[in-house]
Amino acid sequence: MQVVATHRNTDFDALASLIAATLIFPEAVPVIPRSVNPNVRAFLSIHKDIFKVRTPDQIDPDRITRLIVVDVNQWDRLGRFSALKHRNEVEVFLWDHHPDKGDIRADQVCHEPMGANITLMIRELKKRRIRLSPIQATLFLTGLHEDTGNLMFPSTRPEDARAAAYLMEQEADLNVLGSLLRPAYGEKQKNVLHEMLQSEKRTRIRGYTVSFNKVNIEGHVGSLSVVVHMCRDILNVDAVFGIFTGRKRGKSIVIGRSNVEGLNIGDIMRGLGGGGHPGAGSAMIEFANPDTVEEMITRLILGNQQASVQVSDLMSFPVLTVTSDTPMEDVRRLLREKSYSGVPVVTDGHLAGVISRRDFQKVKKNSGWKAPVKAFMIPQVTTIEPGQSPMQAARLMAKHDIGRLPVVQDGELIGIVSRADVMRYFYDLLPEE
Ligand SMILES: [Mn+2]
């Protein structure tokens with residue numbers, strides 16, 4: 001007997017891969033674990049007759065001769081089938097797209113980093129010229145979009161996009177796909193979101209805008225992570241922490257979402273005994289005082305400083321400056337010599353303003369060139385702190401339409417960061433082909 005198996009908390013990419021495997025190996029029986037994501041569960045209940053998946057208890061493990069594993073490479077995530085680990089006579093085939101190396105040693109392996117696992121399976125389906133029904137194409141495209149964040153996660157590969165195009169040619173239904181991927185969001189979630197917005201406390205930590213939202217919840221409310229995610233989108237802050245108490249006596253659940261690479265939610269949640277990714281995570285903690293939880297998170301963020309690239313890593317220093325008494329003619333000569341478009345103005349080591357070529361138009365009379373720069377400089381300067389992130393620098397530049405930001409620490413000018421520095425940083429981050 002051939003069996004296709006996948007990971008617990010089965011998502012659409014896993015289900016799509018499971019079904020695709022049965023097209024490649026028509027003899028194989030698709031088996032889903034007991035724990036399945038809620039939207040996948042809803043999908044399966046409607047499509048019961050079309051996709052005949054079985055549960056592990058319907059399978060006699062002793063009869064399995066070949067195990068086809070999809071969308072996972074670790075035995076302990078396979079649920080009941082992890083017991084086959086030591087059955088050497090069972091042939092194992094593996095299809096996985098996770099970049100890490102797992103512990104499943106297979107007889108046939110297709111293991112390649114890819115945005116979605118279904119992309120690897122589609123490669124094989126195309127090679128074998130297997131036609132897809134619109135329903136199959138829709139399920140596969142749903143899995144592909146879920147795992148690639150609509151082709152926008154950085155893990156997405158060109159082949160994912162080509163596979164998506166192929167599935168659209170096979171008449172995948174985008175309306176159905178949209179409804180399948182819509183998060184579970186009802187009246188209860190709406191109330192929690194409302195309370196989160198009302199109880200919001202916003203602070204700045206290490207230059208990031210962080211929002212703490214403490215809500216007391218009576219009874220069970222599902223999909224809290226969806227609510228926290230929406231909350232972050234609405235508040236448009238760098239990170240949101242939902243601190244939910246009263247769910248269980250003496251316990252708090254903390255859910256975090258971050259939009260900036262400098263605030264690694266996974267690291268913070270691990271500090272609280274939980275876990276997650278850089279952008280999303282959660283933790284369950286023993287005591288229920290939400291203020292203490294906030295304090296702990298704040299301390300973890302402060303202790304997390306060195307983890308990421310900061311403005312201080314990109315800035316240039318020492319900075320060419322002029323003092324506020326420098327005559328305009330000297331400033332003009334300096335900018336021409338260096339071919340700079342502007343320069344910070346400093347008084348007693350403190351940033352006093354900035355002078356740019358475009359301010360030269362304000363010099364009407366020839367005698368104006370003898371006047372000190374402080375008469376023509378722009379005294380309000382947008383600055384950035386060394387601990388802020390490249391993304392924050394980029395946002396400030398876009399917001400104020402400026403090409404460089406003085407880097408200021410405790411009122412003192414310590415460097416300057418330009419648009420080119422920031423762009424170089426972002427583009428260097430892109431993977432090389
Ligand atoms: Mn996957």
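Helix axes here are lines fitted to C-alpha atoms over the stretch in contact, and angles run from 0 to 180 degrees between N-to-C directions. Helices (H or I, at least four residues) and strands (E, at least two) are DSSP runs, numbered from the N terminus. This is a predicted model: local features need pLDDT of at least 70, side-chain atom pairs count only at pLDDT 80 or more, and totals for chains, interfaces and linings use all residues. Residues are numbered from 1 along each chain as its sequence is written.

Start with the overall form. The protein has 14 helices and 16 strands. Its C-alpha trace spans about 95 × 55 × 40 Å along the principal axes. The radius of gyration is 28 Å, whereas a compact globule of 433 residues would have one near 22 Å. That radius is taken over C-alpha atoms, and the globule rule is 2.2 Å times the number of residues to the power 0.38. Of the 433 residues, 36% count as buried. A residue is buried if 20 or more other C-beta atoms lie within 10 Å of its own, exposed if 12 or fewer, and partly exposed in between; the C-beta atoms are placed from the backbone. Among contacts between residues at least 6 apart in sequence, 64% join residues at least 24 apart.

Now go inside. A nonpolar core is a set of buried Ala, Val, Leu, Ile, Met, Phe, Trp, Tyr and Cys residues joined through C-beta atoms within 7 Å. The largest one has 50 residues, and those with the most contacts inside it are Val4, Ala21, Ile68, Val69, Phe140 and Leu167. H1 gives the largest share of this core, eight residues. Apart from it lies another core, of 30 residues, including Met196, Val228, Ile243 and Phe244.

Ala21 sits in helix H1, residues 12-24. It counts as buried because 24 C-beta neighbours lie inside 10 Å. Leaving out residues up to four places away in sequence, Ala21 touches Val4, Ala28, Ile68, Val70, Trp95 and Met121. Val4 is 17 residues from Ala21 along the chain, and their C-alpha atoms are separated by 7.0 Å.

Angles under 35 degrees count as roughly parallel, over 145 as roughly antiparallel, 65 to 115 as roughly perpendicular and the rest as oblique. H1 passes H4 in a left-handed crossing. A crossing is left-handed if the near helix is turned anticlockwise from the far one by less than a right angle, and right-handed if clockwise. On the H1 side the contact includes Phe12, Leu15, Ala16 and Ile19; on the H4 side it includes Leu139, Phe140 and Gly143.

Helix H7 (residues 187-198) and helix H8 (residues 224-235) pack at about 45°, with their axes 10 Å apart. This pair is therefore oblique too. H7 passes H8 in a right-handed crossing. Gln189, Val192, Leu193, Met196 and Leu197 of H7 make the contact with Leu224, Val226, Val227, Met230, Cys231 and Ile234 of H8.

Val237 counts as buried because it has 21 C-beta neighbours inside 10 Å. Beyond four places in sequence, Val237 touches Arg202, Thr209, Val210, Ser211 and Arg232. Val237 and Glu27 are 210 residues apart in sequence and 51 Å apart in space, C-alpha to C-alpha.

Last, the backbone. Most residues other than glycine have a negative phi, and most peptide bonds are trans. Asp71 has a positive phi, near 65°. Its place is the loop between strand E3 (66-70) and strand E4 (91-96). Asp71 is buried, with 29 other C-beta atoms within 10 Å. Glu171 also has a positive phi, about 70°. Glu171 lies in the loop between helix H5 (158-169) and helix H6 (174-181). With 13 C-beta neighbours inside 10 Å, Glu171 counts as partly exposed. Phe317 and Pro318 are joined by a cis peptide bond, with omega about -10°. Pro318 lies in the loop between helix H11 (311-314) and strand E12 (322-323).

Note on methods: Two residues are in contact if their C-beta atoms, placed from the backbone, lie within 7 Å.
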